[in-house]
Amino acid sequence: MTTDPVDPDLASRRLARESLGQDDPTGWFERLYSAASEGTAVVPWDRGTAHPLLTDWVDTAQPSGDGRKALVVGAGTGWDAELIADLGYDTTAFDISPTAIETAQQNHPDSKATYQVADLLNPPSEWHHAFDLVIEIFTVQALPIPLQPEATSHVSDFVRPGGTLLVIASARDDETPDDAIDGPPWPLTRAAVDAFTAPDLKLIQLDRSPSPNSATTHRWRAEYLRD
Ligand SMILES: C[S@@+](CC[C@H](N)C(=O)[O-])C[C@H]1O[C@@H](n2cnc3c(N)ncnc32)[C@H](O)[C@@H]1O
């Protein structure tokens, strides 16, 4: 008898569906990372390297950490956080999944970043306007659409005056209605990209580029600056 390999996307979608069916929209992340740590699942977004659009932004913008503070949202197993910490930022990286955080610490035993479990929907109050650089990649879109405004507003709130927010997300056409999206993920419309702004947090650069995996899928990279 042979066993067909399980498509990692299907396995994670099945876990997500069960979790969402139990009105637990974030519980599946821990179940997935935990299964992956036991070798029975694969985390489909775990690239084993920083996101290429983040690397490209770093190469172009050449930000200098120099002891300034950075926060990496929904950091998973830490590849983006390591890039930011290596730039000299005093980097905090958080995820809702304890196993993701343990895996990040195991992957990067000599890390300069601090990894911690935290919930974007209920973050520590001391993170209010506390970071010079905030990196958000694919976390907001991993939450059901009704939860996205609250998550978006917390991401923006982490940025201190003079600080930068970088958001990388899958893009959705504005004409595609919410109920046509069979998430996760629930990609972000242009309006959802604008929702990260505030009167003092301006969108200063927006790129929309095709995904390397599919010519019909696009990604946003948005950079914001707080006055
Ligand atoms: C699609 S993955 C992206 C991970 C990583 N940013 C990357 O690009 O590889 C979404 C991540 O957000 C985390 N996450 C989901 N909901 C969260 C929440 N409410 N608070 C913190 N992390 C959350 C998940 O555990 C997962 O690691």
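Predicted model: local features only at pLDDT ≥ 70, side-chain atom pairs only at ≥ 80, totals over all residues.
**Ground rules.** I number residues from 1 along each chain as its sequence is written, and I work with heavy atoms for side-chain values, leaving out hydrogens and water.

**Sheet.** I looked up the strand order first, taking helices (H or I, at least four residues) and strands (E, at least two) as DSSP runs numbered from the N terminus, and counting two strands as paired if DSSP finds at least two bridges between them. I find 7 strands in an open sheet of mixed pairing, in the order E3-E2-E1-E4-E5-E7-E6. E3 and E6 are the edge strands, each pairing on one side only. Neighbouring strands are turned by 15° against each other on average, direction ignored, with axes being lines fitted to C-alpha atoms (for helices over the stretch in contact) and angles running from 0 to 180 degrees between N-to-C directions.

**The E3 end.** I note that E2 (residues 90-95) and E3 (residues 114-117) run parallel and are joined by 4 bridges, with phenylalanine 94 standing opposite glutamine 116 in E3. Together with helix H5 (residues 98-107), E2 and E3 make a right-handed β-α-β unit; right-handed here says that, with the strands pointing away from the viewer, the path from the first strand over the helix to the second runs clockwise.

I see E5 (residues 159-171) running antiparallel to E7 (residues 214-226) over 8 bridges, where alanine 169 stands opposite tryptophan 220 and alanine 171 has histidine 218 as its bridge partner. E6 (residues 201-211) pairs with E7 in the antiparallel sense over 10 bridges, leucine 206 stands opposite alanine 222, and a hairpin joins E6 to E7 through 2 residues.

**Ligand.** I count 18 residues around the ligand, the closest being Tyr33, Gly74, Asp95, Asp119 and Ile137, where a residue is near if one of its heavy atoms lies within 4 Å. For polar contacts (pairs of N or O atoms within 3.5 Å), I find a backbone N or O atom of glycine 74 at 2.8 Å from a nitrogen atom of the ligand, and a polar backbone atom of leucine 120 at 2.8 Å from a ligand nitrogen atom. The protein covers 96% of the 590 Å² of accessible area that the ligand has on its own, by the Shrake-Rupley method with a 1.4 Å probe. Helix H2 (27-37) and E2 are the elements giving two or more residues to the shell.

Conventions. Polar contact = N/O pair within 3.5 Å; in protein donor to acceptor, adjacent residues only side chain to side chain.
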